[in-house]
Amino acid sequence: MSKEFKIVVLAKQVPDTRNVGKDAMTPEGTVNRAALPAIFNPEDMNALEQALRIKDKFPGSKVLILTMGPFRAAEIIREGYFRGADGGVLLTDRRFAGADTLATSFAISQAVKKMNPDIIVSGRQAIDGDTAQVGPQVAEKMNIPQITYAEEITGLSDNRITVRRRLERGVEVVSSTLPCLITVHATAAPCRPRNAKCVLKYKYSRTIHEEQDAANAGKYLLSADEKPYLKIQEWTVDDVGGDENCYGFAGSPTKVKKIENIVFKAKEAKKLTGSDADVDSLISELMANHEIG
Amino acid sequence: MNNIIVFIETDGGKLCDVSLELLTKARSLAECLNVDVEALLIGSNISGLVPELYRYGAKVVHVADDPRLEFFRTLPYAAITIELFKEQKPQIALFGASSIGRDLAPRVSSALKSGLTADCTSLDIGDHEDARSGKKYKNLLYQIRPAFGGNIIATIVNPEHRPQMATVREGVMKKEPLEKPADGKIHQIDTAKILIDSDFAVEIIKRDIEEKKINIKGAQIIIDGGYGVGSRENFKLVFDLAKTLGAEVGASRAAVDAGFADNARQVGQTGVTVRPKLIICLGVSGAIQHTAGMDQSKIIIAVNSDPEAPIHKIADYSIIGDLNEVVPRMIASYKKHSK
């Protein structure tokens with residue numbers, strides 16, 4: 001019998017900063033955050049696919065989603081279920097609030113230790129911050145190797161994993177001992193679509209808070225006692241333990257001093273048409289000013 | 001002690017531009033703080049690179065020279081960097097925001113429990129008052145970076161933890177050697193004392209790295225193609241104009257994602273930051289993540305048939321027109337006048 005692996009996918013719910021359209025900008029030229037949809041961080045999706053491929057090759061392996069965020073971030077875990085994940089944990093607690101990457105990585109590493117996986121995969125970076133720091137910081141806190149910029153997991157045995165990395169100007173193939181943390185690059189294979197069977201099975205999966213909200217709204221729910229797999233676990237600081245001073249704002253060495261919204265300022269621009277005469281006068285002007293020559 | 005240490009990256013036996021840019025920036029920060037700039041150079045057979053680091057202002061170069069360190073691997077490089085920072089206690093440590101720096105710096109910051117700010121676009125020294133405690137801090141490193149897809153600019157400080165760490169992308173800072181270089185000192189790091197077997201848990205099986213060919217960063221003139229160019233075939237127009245004007249070709253992320261142009265040409269937050277003396281944007285809509293990487297260009301010319309495209313708002317010259325007509329006219333006009 002081949003080995004069964006336990007894989008934890010670190011995923012984050014992020015505002016979709018890639019599609020800041022016209023309606024997402026206020027008349028003052030700043031961002032209207034409410035107009036941005038919350039999505040599964042794109043590179044975390046690539047990471048999920050790598051995890052699911054391990055499960056395809058090594059039946060019996062388990063893929064678990066770990067996310068940290070507000071109650072509604074449970075959507076990320078459900079999305080993972082719909083694509084083939086076997087379980088998930090939502091780390092949610094006001095005491096996590098105000099965390100920078102270091103405090104975030106502490107919280108996540110505490111949860112991962114409790115889950116005790118063979119392999120941890122995550123996206124290279126999240127599009128709301130683009131820092132790419134949490135992955136390596138979790139690896140350091142777990143005292144395990146890290147492989148960043150992964151494009152494909154090309155080999156896996158009982159105690160070693162082989163990964164092709166995408167670097168600025170080429171590729172590198174490396175192998176590491178297990179357990180190990182891998183961050184996945186956008187050039188990796190896209191995630192498979194939702195699976196209809198999984199959607200049917202997990203459509204009503206809920207966290208305890210979602211269950212309470214639904215009950216308050218008078219909706220009928222299958223109780224988790226009937227179908228325990230529908231229960232999405234929520235963990236707080238108390239569940240993952242560790243020094244409370246390492247969490248949230250207190251555990252964050254970096255502080256935001258100032259935030260400025262980017263405002264588009266219309267410069268005094270010369271408006272031209274694409275006509276021969278306009279283009280010719282522009283090119284002549286640039287040449288006269290030695291801008292081109 | 002309490003100096004500024006710059007992590008030096010090498011590539012094929014040469015110093016990377018980003019490290020020399022950081023040394024240049026570190027000099028001006030060090031002047032504000034009245035401290036020295038030092039460099040950390042890790043690799044194999046690298047002592048020949050040390051004089052060049054003096055030329056860029058390093059007073060001390062910490063050298064870890066070991067055949068096992070020929071290529072970057074996270075664990076041994078991190079072990080050496082962490083050990084050096086514990087011993088030297090720099091107040092500031094700077095890394096390139098490259099695939100190496102962005103892999104190494106977070107690992108080091110986690111081990112030292114110090115703050116790290118990724119992809120800074122500006123660094124400065126200034127004071128800070130903590131809003132909660134009212135405590136005042138003198139001469140902190142202001143780490144200024146875009147966030148939220150480039151829609152906001154944040155200034156980050158690390159009041160209590162040292163070193164204050166930041167990464168900066170290539171091409172963001174200027175690179176300038178000292179006018180009157182002076183020799184510094186070498187500090188040899190005893191790698192045998194630091195590295196242990198488990199630092200080599202990751203093995204490099206194969207490396208397939210291409211020579212650096214495309215260099216849009218250093219270009220004086222850039223022709224910048226966007227998704228509006230329409231196809232990889234039509235990108236020939238962009239190259240034609242570039243060839244005529246002696247320019248390099250850049251591209252927006254949308255154009256690169258669509259396969260119109262190579263990754264190395266990508267301008268913007270997730271690509272290269274450029275500030276040429278002239279940039280001509282063809283079929284570029286002007287998404288913030290793109291313009292953040294080129295809006296410091298001296299002259300911006302936008303060609304876009306959509307008068308509402310945001311690129312027109314930052315352009316010095318706005319041509320509302322079809323690039324398929326405008327570009328051949330530009331080429332013809334240039335050829336006519338340059339005779």
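In this predicted model, chain A has 293 residues, and 54% of them are buried. Its secondary structure consists of eight helices and 14 strands. As for confidence, the predictor assigns the complex an ipTM of 0.87 and a pTM of 0.80. Chain B has a mean pLDDT of 93, with 99% of its residues at 70 or more.

An open sheet of eleven strands runs in the order 11(A)-12(A)-5(A)-4(A)-1(A)-6(A)-10(A)-7(A)-8(A)-9(A)-13(B), and its pairing is mixed.

With strand 8 of chain A it forms a hairpin that has two residues between the strands. Strand 9 covers residues 170–177, and its pairing with strand 8 is antiparallel over eight bridges. Leu167(A) has Gly170(A) as its bridge partner, and Thr162(A) stands opposite Ser175(A). Strand 9 of chain A also pairs with strand 13 of chain B, again in the antiparallel sense, over six bridges. There, Val173(A) has Lys206(B) as its bridge partner. Seven of the eight residues in strand 9 of chain A are buried, so this strand is largely enclosed by the rest of the structure.

The largest nonpolar core has 39 residues, of which Leu48(A), Ile119(A), Val121(A) and Ile182(A) touch the most other members. Elements of chain A that give two or more residues to this core include strand 1 (6–10), strand 6 (119–123), strand 8 (160–167) and strand 10 (180–184). Helix 1 of chain A gives the most, with six residues. What does Val121(A) contact, leaving aside its neighbours within four places in sequence? Val121(A) is in contact with Ile7(A), Val8(A), Val9(A) and Leu10(A), with Ala47(A) and Ala51(A), and with Ile153(A) and Ile182(A). Apart from this core lies another, of 37 residues, with Ala247(B), Ala255(B), Leu323(B) and Met330(B) among them.

A further open sheet joins the chains, with four strands in the order 13(A)-10(B)-9(B)-8(B) and antiparallel pairing. Strand 13 (255–261) of chain A and strand 8 (122–129) of chain B stand at its edges with a single partner strand each, so one side of each has no neighbour in the sheet. On average, neighbouring strands here are turned by 30° against each other, direction ignored. Strand 13 of chain A pairs with strand 10 (residues 152–157) of chain B over six bridges, in the antiparallel sense. Within this pairing, Ile259(A) stands opposite Ala154(B). Helix 1 (residues 17–33) of chain B packs on the sheet and touches strand 8 and strand 9 (136–147) of chain B. The direction of this helix makes about 25° with that of strand 8 of chain B.

Key
Residues numbered from 1 in each chain as written. Chains lettered and ligands numbered in written order. Predicted model: local features only at pLDDT ≥ 70, side-chain atom pairs only at ≥ 80, totals over all residues. Heavy atoms only, no water. Core = buried A, V, L, I, M, F, W, Y, C linked by side-chain atoms within 4.5 Å. Buried < 20%, exposed > 50% of the residue type's maximum accessible area, 1.4 Å probe, protein only. Contact = heavy atoms within 4.5 Å. pLDDT = per-residue confidence, 0-100. Pairing = 2+ DSSP bridges. Axes fitted to C-alpha atoms, helices over the stretch in contact; angles between N-to-C directions.
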